[in-house]
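Please consult the sequence and the model while reading.

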Amino acid sequence: MAALTSPEPLWSAAPLDEAAISIAGNWENVSGLTVHVELSAETTVMCSYSIQATASGMADPGGSFLTHTAQNGLAVDVLGARLTVDGVPYRASGSHVSPLAALERSARQLRGYIFLRLSAGKHNAAVQWKKWGTRVASWRNAPGHLDGYASGRSLSCVAHFDEAAFVQPLAPTRITTSGSWQNIPGLQLQFPVEKDKEFVFSFLLHVRPESAPGADGE
């Protein structure tokens with residue numbers, strides 16, 4: 001959750017080549033999603049990423065992801081992503097997806113960002129992804145898919161905000177009550193405003209059900 005004004009400058013990467021991951025169990029850098037940041041002074045930096053990923057399932061006539069990717073009520077085929085800065089991974093930037101379709105292909109989107117206070121000098125930011133499970137043969141990002149506007153991946157970093165306030169809690173939380181709005185623990189923010197300014201407010205929240213859907217998607 002963040003409030004910010006007037007970011008500059010911008011470093012970004014949006015490669016057009018294809019990227020894929022097929023081996024489970026290891027964090028790997030996503031091809032092309034690395035940027036080199038150079039700061040003239042200590043400042044707050046925000047890095048954000050987005051990856052459209054398609055799961056390719058094993059050939060299984062009559063089967064589907066929904067009937068094979070659940071174990072003890074939870075998905076076992078998962079694709080995760082995270083940001084690293086200067087080689088250090090940050091949990092608050094993590095995201096994950098599972099295939100949810102009654103077909104052998106399922107498209108999902110990974111998104112995340114991190115706010116950091118970085119020293120003057122050169123820094124490297126990169127996106128990594130990791131595959132869990134065996135039913136998904138590979139996860140793939142193909143910016144040239146269809147007419148070239150149906151998929152993509154990007155990483156961007158901005159710095160030198162006039163003001164920036166943020167919270168990035170790591171504690172788990174859940175909601176079990178239907179029909180009413182509830183505050184999310186840790187996602188409250190207070191900040192002073194000394195004069196009229198334009199602000200951008202944003203939040204990002206990754207959630208998952210505690211039981212997997214059945215074969216009919218319910």
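This is a predicted model: local features need pLDDT of at least 70, side-chain atom pairs count only at pLDDT 80 or more; totals for chains, interfaces and linings use all residues.

Residues are numbered from 1 along each chain as its sequence is written, and side-chain values use heavy atoms, with hydrogens and water left out.

**Disulfide**

- The model has one disulfide, defined as a pair of cysteine sulfur atoms within 2.5 Å.
- Cys47 and Cys157 form this bond, with an S to S distance of 2.2 Å.
- Cys47 belongs to strand β5 (residues 43-57) and Cys157 to strand β13 (residues 153-159), so the pair ties together parts that are 110 residues apart in sequence; strands (E, at least two residues) are DSSP runs, numbered from the N terminus.
- The torsion about the S-S bond of Cys47 and Cys157 is about 110°, so the disulfide is right-handed.
- Cys47 is buried at 5% relative accessibility, and Cys157 is buried at 0% (buried means under 20% relative accessible area, exposed over 50%, partly exposed in between, with a 1.4 Å probe and protein chains only).

**Salt bridges**

- Three salt bridges are present, each being a side-chain nitrogen of Lys or Arg within 4 Å of a carboxyl oxygen of Asp or Glu.
- Asp17 pairs with Arg153 at 3.1 Å, N to O; Asp17 is partly exposed at 38%, whereas Arg153 is buried at 4%.
- Glu18 pairs with Arg140 at 2.5 Å, N to O.
- Glu18 lies in the loop between β2 and β3 and Arg140 in strand β12 (residues 136-141), so this pair ties together parts that are 122 residues apart in sequence.
- Arg117 and Glu42 form a salt bridge with their closest N and O atoms 3.4 Å apart, and both residues are exposed.

**A buried arginine**

- Arg82, in strand β8 (residues 78-85), is buried yet has no salt bridge, and Glu28, the nearest side chain of opposite charge, is 11 Å away (Lys and Arg count as positive and Asp and Glu as negative; His and the chain ends are not counted).
- The side chain of Arg82 makes a 2.8 Å polar contact with the side chain of Gln128 (a pair of N or O atoms within 3.5 Å; within protein, one must be able to donate a hydrogen and the other to accept it, and residues adjacent in sequence count only if both atoms are side-chain atoms).

**Nonpolar cores**

- The largest nonpolar core has 32 residues (buried Ala, Val, Leu, Ile, Met, Phe, Trp, Tyr and Cys residues joined through side-chain atoms within 4.5 Å).
- Its largest share, six residues, comes from β5.

Conventions. Helices (H or I, at least four residues) and strands (E, at least two) are DSSP runs, numbered from the N terminus.
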